[in-house]
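Thanks for asking me to go over this model. Have a look at it first, and then compare with my notes.

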Amino acid sequence: MEGLRGKNGIVCAGSTGIGKGVISVLTKYGANITTFSRNRDKVERLKTAIMEESGSEINAIVADLSKKDDLVRVVDSAHDKYGKIDFLVMNYGDPRVDPFMDLNDSDWDYNIEMILKSTVRMSGMCAEDMIKSRDGRIVYITSMTTKNPLQNFAISNSLRSAVVALGKTLSMEFGKYNITVNSISQGYFYTQRLKNIIEKRSVNSGKKTEEIEAELRAEIPLGRFGNPEEIGNLVAFLCSGLASYISGTNIQIDGGAVKSI
């Protein structure tokens with residue numbers, strides 16, 4: 001992928017699932033990656049896995065996406081290890097999925113910090129380097145709920161849509177510095193997050209998990225769930241020189257699940 005080798009990037013919440021898939025692809029193209037997770041064991045397993053896959057040593061530390069001081073530490077660590085930041089990939093933890101009336105202030109407060117405020121904070125800190133170098137890439141990994149809101153997904157529907165709107169705004173403000181800003185609306189990818197949602201729907205409906213999986217696959221024209229590396233391929237493209245004229249977009253990667261234009 002043109003221009004990724006030797007570039008320095010931060011991938012948030014990268015220890016498992018989508019984040020791990022993105023890191024796996026980016027390191028294979030030669031990018032230097034800083035990432036983090038709240039769980040030390042997951043961080044260590046990720047380091048080992050990436051080394052075995054691509055021979056790359058990543059800069060992975062323990063930090064919490066919802067805590068401002070931790071994010072400052074992440075950026076400082078990236079600077080210490082690689083000097084400057086060329087691209088930022090915002091990936092997130094899993095927001096609670098429940099009816100709106102079951103959510104409380106703590107649920108909203110935590111997820112506003114974890115999803116929206118972390119995006120504001122990381123974008124601001126990382127953009128400082130990109131503005132100085134007059135080049136950069138910012139990618140927000142969101143959800144198809146930004147295009148097709150789902151019942152019981154009040155937190156995801158609202159906060160991820162705010163992230164997409166922020167990305168559009170920053171694409172206009174940062175364009176003069178040759179910084180592109182884009183978001184990705186992912187569909188059904190076979191991660192632990194999706195497995196948890198399937199299990200919850202199974203309990204609530206009384207149906208077997210296999211039935212729930214079949215119902216979800218039936219909503220997807222390609223007839224299957226995605227795998228995290230497929231999002232990694234899109235992120236790599238958006239962070240490369242090949243996507244130098246793509247900015248301010250929200251790209252669906254969902255096998256055709258969202259039917260709106």
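1. A word on the ground rules. This is a predicted model, in which local features need pLDDT of at least 70, side-chain atom pairs count only at pLDDT 80 or more, and totals for chains, interfaces and linings use all residues. Residues are numbered from 1 along each chain as its sequence is written, and side-chain values use heavy atoms, with hydrogens and water left out.

2. Start with the largest pocket, which holds about 880 Å³ of space. (A pocket here is an open set of points on a 1 Å grid over the protein atoms alone, where a 1.4 Å probe fits, with protein on both sides within 12 Å along at least five of seven lines; lining residues have an atom within 4 Å of a point. The volume is the space filled by probe spheres set on the points, joined across faces, edges and corners.) Its lining runs to 39 residues, with Asn-91, Tyr-92, Gly-93, Asp-94 and Arg-193 nearest the centre.

3. Which element gives the most to that lining? It's α6, with six residues. At least two residues each come from α1 (17–28), β2 (32–37), α4 (105–133), β5 (136–143), α5 (154–174) and α6 (192–205). (Helices are DSSP runs of H or I, at least four residues, and strands are runs of E, at least two, numbered from the N terminus.)

4. By class, the lining of the largest pocket splits into 16 nonpolar, 16 polar and seven charged residues. (Ala, Val, Leu, Ile, Met, Phe, Trp, Tyr, Cys and Pro count as nonpolar, Asp, Glu, Lys and Arg as charged, and the others, Gly among them, as polar.)

5. The second largest pocket has about 310 Å³ of space and 14 lining residues, with Val-97, Asn-152, Ile-197, Lys-200 and Arg-201 nearest its centre. Its lining has five nonpolar, four polar and five charged residues.

6. Check two backbone spots. Ala-13, in the loop between β1 (8–11) and α1, has a positive phi of about 50°. Arg-134, in the loop between α4 and β5, has one of about 55°. Most residues other than glycine have a negative phi. Ala-13 is partly exposed at 21% relative accessibility, and Arg-134 is partly exposed at 48%. (Buried is under 20% relative accessible area, exposed over 50%, partly exposed in between, with a 1.4 Å probe and protein chains only.)

7. Finally, the structure holds zero disulfides (a disulfide being a pair of cysteine sulfur atoms within 2.5 Å). For Cys-12, the nearest cysteine sulfur is that of Cys-126, 7.3 Å away. Cys-12 is buried at 0% relative accessible area, and Cys-126 is buried at 0% too.
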